[in-house]
Amino acid sequence: MSETQLPAGGGDGHDVEAGVAFARQMWDDDVASRRLGMEAAVVEQDHAVVRMAIRDDMVNGHAICHGGYIFTLADSCFALACNSRGRLTVAAGADISFTAPGRLGDVLVAEGHVRSAFGRSGITDVTVRRESDGQIIAEFRGRSRSLKRP
């Protein structure tokens, strides 16, 4: 089995629909992402797509999107993808490489895929692109940890 072909339900007894519903509920409760104008376009097991338009309050002194907003977009997409198996999952760490600037008015699209899930840990990759031309803006790799529910 390749690292992108993970067993359905994460091997922990959760079915696919329940896992996706869990991630959607987490998204519905995510006020921070909503206030930044993010839209969850796709939520599937181990995969998510999130869109965000760059507003004037997201542009820095160089007239480009502040990297923190790009990171937040990627992180929100990461959260959807890695929670889509129905387990409470949080970031254990993340790295991002910025490859091109986003500008005022651009719509950024983050697409995340769980690459590996092992035990309570996982690795999820997110690519952020400019919607108008497909230019890659950033590559993000998140490391996740599932928590035991209280």
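## A walk around the sheet

Tutor: Let's start with a pair of residues: G112 stands opposite V126 in β5. Before going on, keep in mind that this is a predicted model, where local features need pLDDT of at least 70 and side-chain atom pairs count only at pLDDT 80 or more, while totals for chains, interfaces and linings use all residues. Residues are numbered from 1 along each chain as its sequence is written, and side-chain values use heavy atoms, with hydrogens and water left out. The names of strands (DSSP runs of E, at least two residues) and helices (runs of H or I, at least four) are numbered from the N terminus.

Now for the sheet around that pair. β4 and β5 run antiparallel and are joined by 10 bridges; two strands count as paired if DSSP finds at least two bridges between them. Altogether, 6 strands make an open sheet, ordered β1-β2-β4-β5-β6-β3, with antiparallel pairing. At the edges sit β1 (39–44) and β3 (89–98), each of which pairs on one side only. From one strand to the next, the twist averages 20°; such angles run from 0 to 180 degrees between N-to-C directions, using axes fitted to C-alpha atoms, for helices over the stretch in contact.

Keep going along the sheet from β5. It is joined to the antiparallel β6 by 9 bridges, and T124 has G142 in β6 as its bridge partner. The hairpin of these two strands has 5 residues between them, and there G134 takes a positive phi near 80°. Then 9 bridges join β6 to β3, again antiparallel, with G93 standing opposite R143 in β6.

What lies on this sheet? Helix α3 lies across β1, β2, β3, β4, β5 and β6, running at about 150° to β2. (The expected span is 1.5 Å times one less than the number of residues.) Among the buried residues of α3 are I70, L73, A74 and C77, where buried means under 20% relative accessible area, exposed over 50% and partly exposed in between, with a 1.4 Å probe and protein chains only.

That brings us to the largest nonpolar core, which has 29 residues, with L73, V126 and V128 making the most contacts inside it. Such a core is a set of buried Ala, Val, Leu, Ile, Met, Phe, Trp, Tyr and Cys residues joined through side-chain atoms within 4.5 Å. Helix α3 gives the most to this core, 8 residues. In soluble globular proteins, nonpolar side chains tend to be buried together. Looking beyond its neighbours within four places in sequence, V128 is in contact (heavy atoms within 4.5 Å) with residues including I70, L73, A74, L108 and I137.
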